[in-house]
Amino acid sequence: MTDNAKLSIGDKSLEYPVLKGTVGPEVVDIRKFYGQSGRFTYDPGFTSTASCESKITYIDGDQGVLLHRGYPIEQLSEESSFMEVAYLLLHGELPNPDQHDDFVRTITRHTMVHEQLAMFYRGFRRDAHPMAIMCGVVGALSAFYHDSTDIDDPAQRMIASHRLIAKMPTIAAMAYKYAVGQPFLHPDNSLSYTGNFLRMTFGVPAEPYEVNPVVEKALDRIFILHADHEQNASTSTVRLAGSSGANPFACIAAGIACLWGPAHGGANEAALNMLREIGRPERIPEYIARAKDKNDPFRLMGFGHRVYKNYDPRATVMQKTVREVLGALGVDDPVFEVALRLEELALSDDYFAEKKLFPNVDFYSGIILSAIGFPTTMFTVLFALARTVGWVAQWNEMIEDPEQKIGRPRQLYTGATARDYIPLDKR
Ligand code: ACO
């Protein structure tokens, strides 16, 4: 049995239970802290705070371990498919063949979007960032599916989850088509989840589209690598939005908004832009020096992580996938050379070693996505597509959690104390 945590504050001596997970650090249960001490705890950025109990994903940032429902990401990305991982995250177990076929059939049957949804796209400027379109259009789904918005009904929750997973590729491909001025393509249900997305993105109605199996496999693997990452900023956003009982489609739109930021999902776009800007290996030292300079806001994009203080296991898989895709497509991208050299130089530099800054999932993903033909503005959209699986799994888990409460953090108030209003003409 673990001892209680003891805390002295003022003349009070308080004790708090220490909770043990199946693996990972123990957690001090401070739920009664305010009631007993009249004080709050202060933890901006939640660096020490567990916001929920979860059985979905486990990360050991020091060891570079990522497990989904206990399965290592290396095995899942090597041996399974994105649909299998989606089932695993949602249901807790890998599907048997019948469950797998049923799940794929269900997702496939939900890939079409309401024709009226297309009108939302036309309201955006042609040059709108596709993530701006994703925030708007996914939020708009909440207006279309009233039959699946009773979040207290598990069956309705599952339909909403299936719809989100199924429609995301269609919505993402439409965002791309709108930007390039080509007609939207309806899904082709004879294709795989990922093959269908490739066709809706790069196909045109004027001619048949053949899915390249190496690209299909690589993109499916990229989806697996982005499927979930426990309580990251966008997932916590989805949980927080959902904690008020909000519409699930609106909650996912909130997650998309959070993911867009360059410190989170937007880093893959920023990382490739940075590698292109560096351009040649000879210029790397200049950028490393800038990243180390306290007076320069520049950071090495695709480097560092709040949780991983070791190599991000997803970056290892991603680096291998770059070679496969560039080889299969016959693309010789000098940016890959720059990335490999930058990684080598940064990892041998004391600054990065001391701060435990390693390449993260975003460092190499942009090179693959660019070789496949995606513009940089679509990178975070692909991340959102894949992460939708994690978001809906975490959202379902939250709703089912008997301990769930509306999320309502406290604050350390440092503003003005009470003062009297002064009329405008007296100021
Ligand atoms: N380049 C240079 N220095 C860095 C970098 C970087 N990429 N990342 C962190 N540091 C330094 C910081 O300046 C800080 O130094 P200090 O202690 O001397 O002030 C120290 O390392 C710790 O950094 P924090 O920002 O405090 O760490 P935090 O955990 O809050 O940030 C984050 C993590 C946001 C990912 C950060 O490493 C970063 O900005 N990286 C670049 C953006 C990026 O790649 N984001 C993708 C994350 S993965 C994902 O979302 C899928």
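Predicted model: local features only at pLDDT ≥ 70, side-chain atom pairs only at ≥ 80, totals over all residues.
**Stop one: a helix pair**

Start by selecting residues 313-329, which form helix H14, together with residues 362-372, which form helix H17. Two packed helices are described by the angle between their axes and the distance between the axes. For H14 and H17 the angle is about 25 degrees, and the axes lie 8 Å apart. Angles under 35 degrees count as roughly parallel, and H14 and H17 are therefore roughly parallel to each other.

Now show side chains. Which residues of H14 meet H17? On the H14 side, pick Ala315, Met318, Gln319, Thr321, Val322, Val325, Leu326 and Leu329. Their partners in H17 are Tyr364, Ser365, Ile367, Ile368, Ala371 and Ile372. Colour this contact by residue class and you get 11 nonpolar and 3 polar residues, with no charged ones.

**Stop two: the largest cavity**

Next, look for empty space. Rolling a probe the size of a water molecule over the atoms shows where empty space is left. Here the count comes to 2 cavities of 30 Å³ or more.

The largest cavity has a volume of about 80 Å³. To find it, select Thr108, Thr111, Ser192, Tyr193 and Asn196, the closest to its centre of the 14 residues in the lining. Then bring up helix H4 (97-109), helix H7 (154-180) and helix H8 (193-202), the elements that give two or more residues to this lining. Which of them supplies the largest share? That is H8, with 4 residues. By class, the lining of the largest cavity holds 9 nonpolar and 5 polar residues, and no charged ones.

**Stop three: the second largest cavity**

Hide that selection and move on to the second largest cavity, which has about 40 Å³ of space. Its lining is quick to select: Ile222, Phe223, His226, Asn268, Leu369, Phe379, Leu382, Phe383 and Ala386. H18 gives the largest share, 4 residues. Colour the lining of the second largest cavity by class to finish: 7 residues are nonpolar, 2 are polar and none is charged.

Note on methods:
Residues numbered from 1 in each chain as written. Heavy atoms only, no water. Axes fitted to C-alpha atoms, helices over the stretch in contact; angles between N-to-C directions. Parallel < 35°, antiparallel > 145°, perpendicular 65-115°, else oblique. Contact = heavy atoms within 4.5 Å. Nonpolar A, V, L, I, M, F, W, Y, C, P; charged D, E, K, R; others polar. 1 Å grid on protein atoms, 1.4 Å probe; cavity = no way out; pocket = protein on both sides within 12 Å on 5 of 7 lines; lining within 4 Å. Points joined across faces, edges and corners; volume = space filled by probe spheres on them.
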